[in-house]
Amino acid sequence: MPCRQQGICKTEQEGTGMKLMFIGADHEVTGSCHYLEACGKRILVDYGMEQGVNVFENVELPVQESLIDYVLLTHAHIDHSGMLPALYAKGFRGRIYATEATADLCGIMLRDCAHIQQQEAEWKNRKAKRSAHVESMEPVYTMEDADGAIRALVPCAYGRKVELCEGIEIRFTDIGHLLGSASIEVWLKEGNTEKKIVFSGDIGNLDQPLICDPAYTEAADYVVMESTYGNRLHSETRPDYVNELAGIIQETFDKGGNVVIPSFAVGRTQELLYFLRQIKADNLIKGHPDFPVYVDSPLAVDATEIFNRNIESCFDEEAMELVHQGINPISFPGLKRSITSDESKMINFDSEPKVIISASGMCEAGRIRHHLKHNLWRPECTILFVGYQAVGTLGRAIVEGAEHVKLFGEPVTIRAQIKTLVGMSGHADKNGLIAWIEGFKEKPRRVFIVHGEDSVCKEFAECLKVEYGHHTYAPYSGTEFDLATDRLLFEASPVPVKKKIFIVSDIYNRLVAAGKRLMAVIEKNHGGTNKELAKFADQINSLCDKYDR
């Protein structure tokens, strides 16, 4: 029986063309990506950036980027969308289907990601010039690549079937994780074979502010399901975030300190504004009237505007009640928006106690690192974490009790109070995940468990199998499955990650990517008229003559 590197070949039969391959976020939490092949089309579901420390290597895409026809995007978070510009840089010119709100958010998030990468590359390259031991680097992609990916976005409404091509239809369903987030139903029909596969995306927590609870899906042959919190439970009672946050602010302000909140610019920041509006409306902070709240993130400011534009399609009943009363749920007196770098710098020169909300949420980049440098060493201040901190990130180190951290090449002693709003999560817990998969009227043929740490994927898959009777499987990156015949084509083994640097935006590599795209275009023109093909060949030869030195 033939074997492949890093795994076991389960069958010599290659199937009918309905193939699912697992690329990223397999036994890991970031870098989500799945590859689907059907009806002669090649489709990616998400193409996310890996963040923090990753344990296992992701396999490469099975085809050139220029041969991908469509991308289906579950939501705008960078660990699901962040590599789309790199896809464009390497020749992708297809369409990216997403909900209307996700398309809006990607319009700002991908540009912001490109900007941060270019800044990081510039800083490291300046450092490289001063040291013989530091290699220069290129950003993963440029602003032009981000703009190219954004132009490829096709906004879709919730609940409406969309035909991608003959034999393939899709539908987005609100999954309650982030504004615009969705699970995606995919109907495939090839000859007499019909299959339906559902990608859960990130399943949302219940009773989150602003956005709706996750909606269930009734039927599927196959389900690809996340398991981020598949081994833990949130509090049985909904935490009182408003009073808990008010208590932290009151205690810190009374000592003369600042409350610094590393926050994801999209989603978590808007939830915090929702709580802070209520704190101010109920006058819960005594002795500090009209205290200032700074949102120091251009991305967060832009994202808040997008939240306001998507009120009717995405907000839940509680938020809509405020809207109908003429109250903006995420705005209030004393809210200050910092856009320019000069405005950001001035925040720490003001001695008045304040709340500073800044990105990034895991403290890996962006303006939050400046605020940490100015506030971490002050015992009167509080650093408040309000979201998941991935292994290997600065945020995780601080939460786990580090006494010193390095910021901008300088050591900083941690004397501030370090606190966490426990249970504040955009992800469903174990019970929420079980409720979603149990919402199917009939059990799917198989449930593939992804998007969780290694032990969590295994544990949750076993739980669904033993306790709920589901046919589960937790694939490693590189695993291939034939949807038409219900057969595992290739079972990948885990491969420990090696340190790697992406360099797709340097000039020569962009030229190589253009050459690969040219080959893809040639392939797509197979069967064209002799006249058109001859003209195409002459144009290529003319270009080659010009540069063939």
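Select Ser-360, which sits in the loop between strand 16 (355-358) and helix 11 (368-375). Helices (H or I, at least four residues) and strands (E, at least two) are DSSP runs, numbered from the N terminus. Most residues other than glycine have a negative phi, and most peptide bonds are trans.

A word on what you are looking at: this is a predicted model, where local features need pLDDT of at least 70 and side-chain atom pairs count only at pLDDT 80 or more, while totals for chains, interfaces and linings use all residues. Residues are numbered from 1 along each chain as its sequence is written, and side-chain values use heavy atoms, with hydrogens and water left out.

## Stop two: two positive phi angles

Next, select Asp-46 in strand 4. Asp-46 is not a glycine, yet its phi is positive, about 70°. Is Asp-46 buried or exposed? Asp-46 is buried, at 2% relative accessible area; buried means under 20%, exposed over 50%, and partly exposed in between (1.4 Å probe, protein chains only).

Then move to His-451, in the loop between strand 21 (446-450) and helix 14 (454-468). His-451 has a positive phi of about 55° although it is not a glycine, and His-451 is buried, with a relative accessible area of 2%.

## Stop three: the cavity

Select Ser-32, His-34, Ser-200, Gly-201 and Val-450, which lie nearest the centre of the largest cavity among its 15 lining residues. Strand 4 (41-47) and strand 12 (222-226) are the elements that give two or more residues to this lining, and strand 12 gives the most, with 3 residues. A cavity is a set of points on a 1 Å grid over the protein atoms alone where a 1.4 Å probe fits but cannot get out; lining residues have an atom within 4 Å of a point. The largest cavity holds about 80 Å³ of space, where a volume is the space filled by probe spheres set on the points, joined across faces, edges and corners.

Finish at Met-519, in helix 15 (residues 507-524).

Technical notes
1 Å grid on protein atoms, 1.4 Å probe; cavity = no way out; pocket = protein on both sides within 12 Å on 5 of 7 lines; lining within 4 Å.
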